[in-house]
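User: I would like a close look at a single part of this model. Please keep it brisk and give the cut-offs as you go.

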Amino acid sequence: MTDLLTNPPRFAADFTWGVATSAFQIEGAASADGKGPSIWDTFCRQSGAITDDSNGDIACDHYHRFEEDVDLIAAMGLRAYRFSMAWSRVQPSGSGPWNEAGFDFYARLLDALAARGIEAHLTLYHWDLPQGLQDQGGWLERTTACHFADYAAEVTRRFGHRLASIATHNEPWCSANLGYGNAQFAPGVADAGAAIQVSHHLLLSHGLAMTAMRAVCKQLGCSPKLGIVLNQWCADPATDSAADIALAALEYARSVEWFMDPLFKGHYPALALQAHGEHAPQVADGDFAIICQPLDFLGVNYYFRAWCSAAIPPLPPPALLGRTAMGWEIYPQGLTELLLKLHQQYALPPVYITENGMASADLLRHGAIDDVERIEFVASHLAALKAAIDGGVNVAGYFLWSLLDNFEWNSGYAKRFGIVHVDYASQRRTPKASARWYRDFVAQQRAATNGEDNHENDENH
Ligand code: FCB
C-alpha cells in the first residue's frame, strides 16, 4: 500500500477528477422556496425507517451553504462536480407547474461552479421522487416515465448549455430493489413483482428522457454528454462448486445484466427472466427500442463485490483487506474484474466511475481527522481502475463519493462517507486527511502529465 501512495499510477492528461453528492443527502431546506415533498421526506417520517430516526430537513444545509461547499471543491484543485437535482424543488408535485425559485437555486450553484472553473455533472434522479407522483402510483405507473421525460427536457432546455453531462438515473437497481423489493428505501414497499416492474419503468423513463433531451439539445445547439449511472459489482462464487458458480451467474444476470442488456442489447437477460418467472415485467411493443439507444457515457458506481455462496448459512467473503463501517468488504480487484468483464460483453461508451468511496468512524481529534483507511481505500481502487484501463477499458473519469459527510439513506447520519467532515450541530466543515491526499494526488497527476505534454512538445520541435 505504501508503494501505491508514494508511487501512484499515472492517468491520462484529460482524465476527469471529481467528487460526488446527491440532493437529498446534502441540501436540506426540505420545504424552502416552494419545494414539494419527495418520497424520502415521507419515508423518513415512518417510524423505524431510518436507523437514527433522522431526516433530510437540514442535512448539510447545502442549500444555504453551497458557496462554501463549492469553495471546498475548488480548494482541492478539482475541476468536476457530480450532484443531483431534487425534482420536487423544481416541479413540486412532479407534474404541472415549474417552481422558478427551485430552478434559481440550481442556477446559482451552476454560477458558483462556473466561476471556479468546475464542470457540472448533473444527475436528474437520485431517488427522490416527488410525493405527488407517488400518490398516483409512483414508478409502478408507466405514466411516471412520461413525467420524468418532461422534467428531463425542461432541465435540458434551461441548463443544457451549462452542463458537462446529464445522467438520467442514479442506480435504478436500488430504486427498484431497495425501494420496492425489500422496503429498505423509500417508498418502503416489499413486493418482488413490483420491484421488477418498477425496474422496467425506470429503464423506460431513461429511454424517453434520452429522446426528449436529444431533441432539446438539437434544437438549442447544446451538447451535454447524456448517459445513466448504474451500481455494479462483479459476482464471485464462494467456491468452485457448481451451485456457487450458478448462483454467481444468476446474481450477475439479475443485477448487472438486468440493466446493461436492455440498454446495450435491447432485451432482458434470459437467465434472469427465467428466474423471475411470473414476476417477469410487462413490456409493451417498442419499449426496448426506446431503452436501447446510444449513450455518450456510462456511469459506474463501485463499492464492493457480490460474494455468492449457496451454502446454508452462506460462507462469508474473505475480506482480506477488511470491511468498511457499512460492513462492506473492501475488494479493489473487483473493480478491475467488473470493468474488464463489461468491456468484453458490451460496446461501452466512455465510462466514468461516478461513485467510489467508504464510510469510516472518522472521529474528530484535536480538530483533525486522520482517515488513513479512506486514503488506502481510494488509492487501491485507483490502482485497480488503472489496471482496467491498461486492460483496454475506456475510462474517462473518477468521482469520489463523497465531498461531504451526509445523510446516508436508511443509515441516517451515523455513516460518514465524506472527505470533508461535517459537524451537524454547527455545520462546520473540516477537510479530512483524505481531502488533502486527494488534492495532492490530483496535483501530482497534473504535474506529471503536464511534464509529459511538454516533453512531447520538445520532441516535436
Ligand atoms: C450509493 C448511493 C449514494 C451513497 C453511496 C454510499 O449507492 O448512490 O447516494 O449513498 O451509495
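How many salt bridges does a search of the whole structure find? Then take me through the charged pairs around Asp362.

Analyst: This is a predicted model, where local features need pLDDT of at least 70, side-chain atom pairs count only at pLDDT 80 or more, and totals for chains, interfaces and linings use all residues. Residues are numbered from 1 along each chain as its sequence is written, and side-chain values use heavy atoms, with hydrogens and water left out.

The search of the whole structure finds 23 salt bridges. A salt bridge here is a side-chain nitrogen of Lys or Arg within 4 Å of a carboxyl oxygen of Asp or Glu. Side chains of opposite charge can pair when their charged atoms come close.

Start with Asp362 and Lys432. They form a salt bridge, and their closest N and O atoms are 2.5 Å apart. Asp362 sits in the loop between strand 9 (351-355) and helix 15 (372-390). Lys432 sits in the loop between strand 12 (428-431) and helix 16 (433-460), so the pair ties together parts that are 70 residues apart in sequence. Helices (H or I, at least four residues) and strands (E, at least two) are DSSP runs, numbered from the N terminus. Both Asp362 and Lys432 are buried. Buried means under 20% relative accessible area, exposed over 50%, and partly exposed in between, with a 1.4 Å probe and protein chains only.

Asp362 also meets the side chain of Arg374 in a salt bridge, at 2.9 Å from N to O. Arg374 belongs to helix 15, and this pair links distant parts of the chain, twelve residues apart. Arg374 is buried, as is Asp362.

The pairs do not stand alone. Salt bridges that share partners join Asp362, Asp371, Arg374, Asp405, Arg416 and Lys432 into one network.

Glu329 forms a salt bridge with Arg305, with the closest N and O atoms 2.9 Å apart. Glu329 lies in the loop between strand 8 and helix 14 (333-345), and Arg305 in the loop between strand 7 (297-301) and strand 8, so the two tie together parts that are 24 residues apart in sequence. Glu329 has 5% relative accessibility, so Glu329 counts as buried. Arg305, at 8%, counts as buried too.
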